[in-house]
Amino acid sequence: MREALVEAEKAYALGEVPVGAVVVLDGLVIGRGHNLREILKDSSAHAEMLALREAAAQQGDWRLSGAVLYSTLEPCPMCAGALVQFRVKTLVYGAVDPKAGAIDSVIDVVRQPRFNHRVEVVSGVLEEECRSVLQKFFRELRVKKSAGEMAELVEGARLEIE
């Protein structure tokens, strides 16, 4: 999970929502990813998707049987579905996502008994650290937005005076 947090910090430094993910197979990291939605202008460029794609490319196979995906945030429905499609053995995640989580929060995609593959889940690993980086990011985003709105008001008032 520490490696996933390193990826989350990379996203943070780029101004992206700080989520990071790594795929581990036989004790080796075979895929890494951090959110790049804004930079790539790609709604599917979530940390988990990028890590899974890199791992599959490295393995030369879309099946990641036996792999463990570590994510700093509970995956969304798209990423949870990808875990099933890539045949990931285990998901380990840090912070819950009460608004969009598709494991334990809103719905449970990965343990759906009707699917031909189910993913084992371990939650709450380094939860405080994972939650903290997200809270810091959104707190700073709110401050920037508020400062921007204030600057617009000041500029508007200045133009009215002139």
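**Entry 1: ground rules**

Contact, as I use the word here, means heavy atoms within 4.5 Å. I am working on a predicted model, where local features need pLDDT of at least 70 and side-chain atom pairs count only at pLDDT 80 or more, while totals for chains, interfaces and linings use all residues. I number residues from 1 along each chain as its sequence is written, and side-chain values use heavy atoms, with hydrogens and water left out.

**Entry 2: the whole chain**

I started with the secondary structure and found 5 helices and 5 strands. Helices (H or I, at least four residues) and strands (E, at least two) are DSSP runs, numbered from the N terminus. Read along the sequence, the order is α-β-β-α-α-β-α-β-β-α.

I then looked at the extent of the C-alpha trace, which is about 70 × 30 × 25 Å along the principal axes. For burial I use relative accessible area: buried is under 20%, exposed is over 50%, and partly exposed is in between (1.4 Å probe, protein chains only). By that rule, 42% of the 162 residues are buried. Accessible areas come from the Shrake-Rupley method with a 1.4 Å probe, and for residues only the protein chains shown count as cover. The accessible surface totals about 9000 Å², with 55% of it belonging to carbon and sulfur atoms.

Among contacts with a separation of 6 or more, 54% come from residues 24 or more positions apart.

For charges, I count Lys and Arg as positive and Asp and Glu as negative, leaving out His and the chain ends. I place each charge at NZ of Lys, CZ of Arg, CG of Asp or CD of Glu. The mean positions of the 20 positive and 24 negative charges lie 4 Å apart.

**Entry 3: helix H4 and its cover**

Next I went to H4, where Cys 79, Ala 80, Ala 82, Leu 83 and Val 84 are buried. What covers the buried residues of H4? The cover includes H3, S3 and strand S4 (90-95).

I picked out Ala 80 in helix H4, which is buried with a relative accessible area of 0%. Beyond its neighbours within four places in sequence, Ala 80 is in contact with Pro 75, Ala 102, Ile 103, Val 109 and Val 110. I also checked its C-alpha distance to Val 125, 45 residues along the chain, and got 17 Å. Just after H4, I noted that Arg 87 takes a positive phi of about 65 degrees.

Not counting residues up to four places away, Glu 74 touches a set including Tyr 93, Val 96 and Gly 101.

His 46 sits in another loop, between helix H2 (37-40) and helix H3 (47-59). His 46 is buried, at 13% relative accessible area. Leaving aside neighbours within four places, its contacts are Asn 35, Arg 37, Cys 76, Met 78 and Cys 79.

**Entry 4: salt bridges**

I finished with salt bridges (a side-chain nitrogen of Lys or Arg within 4 Å of a carboxyl oxygen of Asp or Glu). The structure holds 9 of these salt bridges.

Arg 2 pairs with Glu 129, the closest N and O atoms being 3.8 Å apart. Arg 2 lies in helix H1 (residues 2-13) and Glu 129 in helix H5 (residues 127-161), so this pair ties together parts 127 residues apart in sequence. Arg 2 is exposed at 52%, whereas Glu 129 is partly exposed at 33%.

Arg 32 forms a salt bridge with Glu 3, at 2.8 Å between the closest N and O atoms. This pair links strand S2 (residues 28-34), which holds Arg 32, to helix H1, which holds Glu 3, across 29 residues.

Glu 7 and Lys 10 meet in a salt bridge too, at 3.0 Å from N to O. They are 3 residues apart in helix H1, so about one helical turn separates them. Is Glu 7 buried or exposed? Glu 7 is buried at 2%, while Lys 10 is partly exposed at 38%. Salt bridges that share partners join Glu 3, Glu 7, Lys 10 and Arg 32 into one network.
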